[in-house]
Structure formats: C-alpha cells, structure tokens
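Me: Could we go through this model element by element, keeping the criteria behind each term in view?

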Amino acid sequence: MANRKKPLVVVTRKLPDTVETRMRELFETRLNVDDKPMSQDDLAAAMKVADVIVPTVTDRIDAALLAQAGPQLRLIAQFGNGVDNIDVATAVQRGITVTNTPGVLTEDTADMTMALILAVPRRLAEGFEVLEHGDWSGWSPTWMLGKRIHGKRLGIIGMGRIGQALARRAAAFGMQIHYHNRRRLPERVERELDATYWESLDQMLARMDIVSVNCPHTPATYHLLSARRLKLLKKDAFIVNTARGEIIDEVALTRMIEAGDLAGAGLDVFEHEPAVNPRLLKLAKAGKVVLLPHMGSATIEGRVDMGEKVIVNIKAFMDGHKPPDRVLPSML
C-alpha cells in the first residue's frame, strides 16, 4: 500500500505556495507556475493524462472537452465555489466526479458586497477621482451628496451562505432586509435575519432601494435580471453584483444607467470577462458605477482555505471515500 502510485494532479492556474507545496507532498502534481491561462488544447492534453484536474472559473470544461478526456480522469476538483464553467451533467454521465470549495468564500464575498453597497450610493470612487485630479476646492454643504444607507430596503437575490452573511452585515447598517430565493428560508432563519421573503422577484425589484445579486450562475439564472426586469426598478435604485456577470443583461443595465433610468451600479463581475464593456468604463469615469476586477473573494486566507478544501476532496476521493464537496447536477 505504501508503494501505491500517486495520482497525477494537473493544476490549471497558480495557487498559493503553501497549497502547491502540500499538493506536491501528497500527489504527483503538475503546476502552472507562470499562471498563464490554459487554452482548450492545453486543457484537452492535460485531461488525456491526468487522474485529477484542478480547474478554476477561467477554464471552460464543456462536453466537447470532456469527450477528449482519457479513461483515467476520475475527478474534477474545482478551485472555487461556482461550477458554471463545468458541464457537470456530462462529467457525471462519463463517470467523472466533480467537487467544489463551498463555504470558505462566504465572509470575504459578503464583505466586498457590503463595500460596494456603501461605495456606490456614497460616491466613494467619485470622491477619490476629485482628489486625484486636484479638483477639490474644499468642503461645501451641498457638494458630492450621496444617498443614506440607513433605513433603505436591500433586496438580496439568492439567500444562500453569502446572501445570509450579507444580510447580517446590512442589518448592522440599519438596512431593511428583503430577499428572493428558489426556496424560502426556514421561519427561524427569517426571524434571525429579520428578512422579508418575496416569492415574486418582479414585485420585490419594484420596491427596493438597492438590489444585490448573490445567486449562482446556472441556465435558469442567465439574464435573470433581464431588460424587462431591470425596468421594474426605481429610477433612484442601485444594483450590486458580486456573483456572476451573466446573471444581469449587462447591455440593458448600461443603457439604463446612461439614460438616467437607474441611479448606478457596483460590479465585481462582468458578462464577458475579462473584457469589460467600454461604456461601463466610461460610466465609471463619470462616477455612475464602481467597477472591480472580480476580486470579491480575493483574500489570502480565502485562497488558502480553497486550496485546502481541494486537497481534502482529492485525498478523500483517492482513498475511496465520498469527497465532502461533491457536486451533482440535481444541486444546480
């Protein structure tokens, strides 16, 4: 048993040093030292030889790629919570187990979401721009006025771990918590969060001051905030998205902010990442939106915790046990 061959694990991106060191101790590991994103051909070549592949959200593991996988590929251990980049149904059909890293990003993403909720109505980025360009002539009673957060209605779309963590933060700022979710939370949790459930997303959107997108990207949530739904929002409402860019019709959102039909937005994710709509960049320079480069979960602690979860999933699987973070099509 001690001489059993170690599984070949191919890691598609650079991970924290401590995680990579531990992986090399436990497995035969091929690392991506220069962190250059792998092409589809690179991924196909890796999947022909690897026992385990560790992809990230930037890697598209679709049915065509899975068809090229060698028979030895048995586990896709995603470095990340979302698995919208993986055709999970096809993988499972081909006898390949898929795992992710839930839970470890909750607090970090909720922190960043709350930061955007504060930054957009209070014009933080716009204020910095004024200082940076030397345009500040001093304090004035009517200059750079934003919107108060306290007492405002926050509508959370997706009340999973991150949505609930956000609700706790927002409540501390005196916000009223509302939410729409696939399934209503237990009454005990609703009481704890002092949260109001809306079965109808349309009805909730029409009444909110700020809307935060915290649901996963699935076929069912693609353009969940469509042009029609965005028009339901009040003109002085704000949108924050730290989930996935594809959940919002980005072109419609941009058009509405440009036209003054929406007050603004805070976006950490984009529909066509890493490309960012030039019109959004123009709005950012005008102080109408705050844009971040998909850094909602980017903390040292979070990335190390993600790596540790990946290792636990691989180790459990290779030891013949059910990995703790297995993803099934029925869960999506």
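Reply: Contact here means heavy atoms within 4.5 Å, and helices (H or I, at least four residues) and strands (E, at least two) are DSSP runs, numbered from the N terminus. This is a predicted model, in which local features need pLDDT of at least 70 and side-chain atom pairs count only at pLDDT 80 or more, while totals for chains, interfaces and linings use all residues. Residues are numbered from 1 along each chain as its sequence is written, and side-chain values use heavy atoms, with hydrogens and water left out.

Me: Which elements are included in what covers the buried residues of α11?

Reply: Buried means under 20% relative accessible area, with exposed over 50% and partly exposed in between (1.4 Å probe, protein chains only). In α11, the residues E250, A252, L253, T254, M256 and I257 are buried. The cover over them includes α10 (227-230), β10, β11, α12 (278-285) and β12.

Me: At the start of α11, which backbone nitrogen does a side-chain oxygen of D249 reach?

Reply: A polar contact is a pair of N or O atoms within 3.5 Å; within protein, one must be able to donate a hydrogen and the other to accept it, and residues adjacent in sequence count only if both atoms are side-chain atoms. Just after the other end of α11, G260 takes a positive phi of about 80°. At the start, the side-chain oxygen of D249 comes to within 3.3 Å of the backbone nitrogen of V251.

Me: What is the strand order of the open sheet of 7 strands?

Reply: Two strands pair if DSSP finds at least two bridges between them. The edge strands, each pairing on one side only, are β8 (195-197) and β12 (289-291), while β6 (residues 153-157) and β9 (residues 210-213) pair in the parallel sense over 4 bridges. With parallel pairing, the order is β8-β7-β6-β9-β10-β11-β12.

Me: What angle does the direction of α5 make with that of β10?

Reply: Axes are lines fitted to C-alpha atoms, for helices over the stretch in contact, and angles run from 0 to 180 degrees between N-to-C directions. Helix α5 (residues 106-119) packs on the sheet and touches β6, β9, β10 (238-241), β11 (264-267) and β12, and its direction makes with that of β10 an angle of about 155°.

Me: Which strands does α13 lie across?

Reply: A sheet of 5 strands, open and parallel, has the order β2-β1-β3-β4-β5, and its edge strands are β2 (28-30) and β5. Within this sheet, β1 (residues 8-11) and β3 (residues 52-54) pair over 3 bridges, with V10 opposite I53. Helix α13 (residues 300-318), running at about 165° to β4 (75-77), lies across β1, β3, β4 and β5.

Me: Is N100 buried or exposed?

Reply: N100 is found in the loop between β5 (97-99) and α5, and a polar atom of its side chain lies 2.9 Å from the backbone oxygen of N81. Not counting residues up to four places away in sequence, N100 touches Q78, G80, N81, V83, N313, D325 and V327. Its relative accessible area is 10%, so N100 is buried.

Me: How far apart in sequence are the parts that the pair of Y179 and Y197 ties together?

Reply: Rings of Phe, Tyr and Trp (its six-membered ring) pair if their centres lie within 6.5 Å, and planes under 30 degrees apart count as stacked, over 60 as edge-to-face and the rest as tilted. The structure holds 1 aromatic pair. Y179 and Y197 form this tilted pair, at 5.2 Å centre to centre and 50° between the planes. Because Y179 lies in β7 (residues 176-180) and Y197 in β8, the parts tied together are apart in sequence by 18 residues.
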